[in-house]
Amino acid sequence: MTSKTPGLIVLIALAVLGCNREKPAPAAEKTAAAPPPWTLKVEPLETPAAAESSNPQLTVSERGPLVSWTEQNDDKTILKFAERTALGWSEARIVASGTDWFVTDADTPAVIRLSNGTLAANWMQSSSDEFEASNLRLSYSTDDGKTWSRSFLPHHDGTITQHAFASLFEIPGQGLGVVWLDGRQTVTNRESGPMSIRFTSYDAKWKPQADTAIDAKVCDCCTTSVAVTTDGLITAFRNRTDDEIRDIYVSRFEGGKWTEGTPVHDDGWHITACPVNGPVVSAVGRDVAIAWFTTLDDKGQAFAALSSDAGRTWTSPIRLDDAGSLGHVDVEMLEDGSAVATWEEFADQRGQFRARRVEKSGAKSPAIVIAGASGGRVGGVPRLARLGNQLVFAWTERSERGGSGTVKTATASLTH
């Protein structure tokens, strides 16, 4: 398995410690007099993941939640998944494996189920250790994961550059959509050429469309996210200006093209290295929620904001963490116009996976600790998914001594 370290570790350290940046103006935070009543009873749910597993992802279809993860067997990386049943998670099924995969905690493979029952998956394959380059690989299965198609590329530029941080999603009435970070512009000038964010899609018969640029200059290693509103697609990403301001932007797919990116909030975060900490967006109808990480006053902080017009305008940022955050956010829009957001709190010299409900008024419930309060440590990027009134959480739990850890999941019913 190829790793982005040590470069990735350095970038994360810069982000968390607040190095290499100017002090930005504090973000506005809208608050309410009293938090809304909200309780959450979190119940552990045993997974079929091996004792040494990591990199969980959660997706949801009409058939229910799906969890995927990776396992390591010597130098081979294996992508597996399971689906939620009435009795718990199904038996693990293998998607693909390889000895030349490019996997990190921040950029993990994923498996989703489309409305016609087809499964689709993605992972990264190393194309050059020297340039930390990678290609995205896609595959699909029409028999519940028993067999998979030969893998293929969503990009066709042929450059030995980074193609990574993909988001897979279904385009209503069409097929699979893919958004990813693309380094083809860096090939002419590896020192200063910008990373871009691009989009492509496939119809129901897997005929590919040409990939197109969404934004020509974005942060190099922050995750992308896509949600489907009744007005169309919306994607969220960390932008990068010529002055190295790296705030969160969104773009919407309107009239067959992507709109110019607009900021969710003017955090003014100046940082000359990628924080490897991207946003997440979720939608129900025209209601949209977004969560993100930034650094203010030399302290990592997590925020959420809500929109009632498919992401054209946003509420003031609502701070998620209580004392300081490592980021690693997730969010799910709820039917009543509120949202559940998760983040990794830095508390008692350890990371805690926490959740809380936020409202458009700025009100927020007390935080609930999902994992990391005691015992093992939370590793990687925790995940959140929702189906109806059920929430599903996934994370990698590592011992106090470190190691690869084990993928854990839990569920909770929404109450108000």
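Trainee: What should I know before I start?

Mentor: The model is predicted, so local features need pLDDT of at least 70, side-chain atom pairs count only at pLDDT 80 or more, and totals for chains, interfaces and linings use all residues. Residues are numbered from 1 along each chain as its sequence is written, and side-chain values use heavy atoms, with hydrogens and water left out.

Trainee: How many salt bridges does a search of the whole structure find?

Mentor: General idea: side chains of opposite charge can pair when their charged atoms come close. The cut-off here is a side-chain nitrogen of Lys or Arg within 4 Å of a carboxyl oxygen of Asp or Glu. The search gives 27 salt bridges.

Trainee: Which residue forms a salt bridge with Asp 211?

Mentor: That's Arg 184, with the closest N and O atoms 3.1 Å apart. Both Arg 184 and Asp 211 are buried (under 20% relative accessible area; exposed is over 50%, partly exposed in between, with a 1.4 Å probe and protein chains only).

Trainee: And what about Arg 312 and Asp 231?

Mentor: Their side chains meet in a salt bridge at 2.9 Å, N to O. Arg 312 counts as partly exposed because its relative accessibility is 36%, and Asp 231, at 32%, is also partly exposed.

Trainee: Which residues do salt bridges that share partners join into one network?

Mentor: Arg 63, Glu 83, Arg 93, Arg 113 and Asp 144. Within it, Arg 63 and Asp 144 pair at 3.4 Å, N to O.
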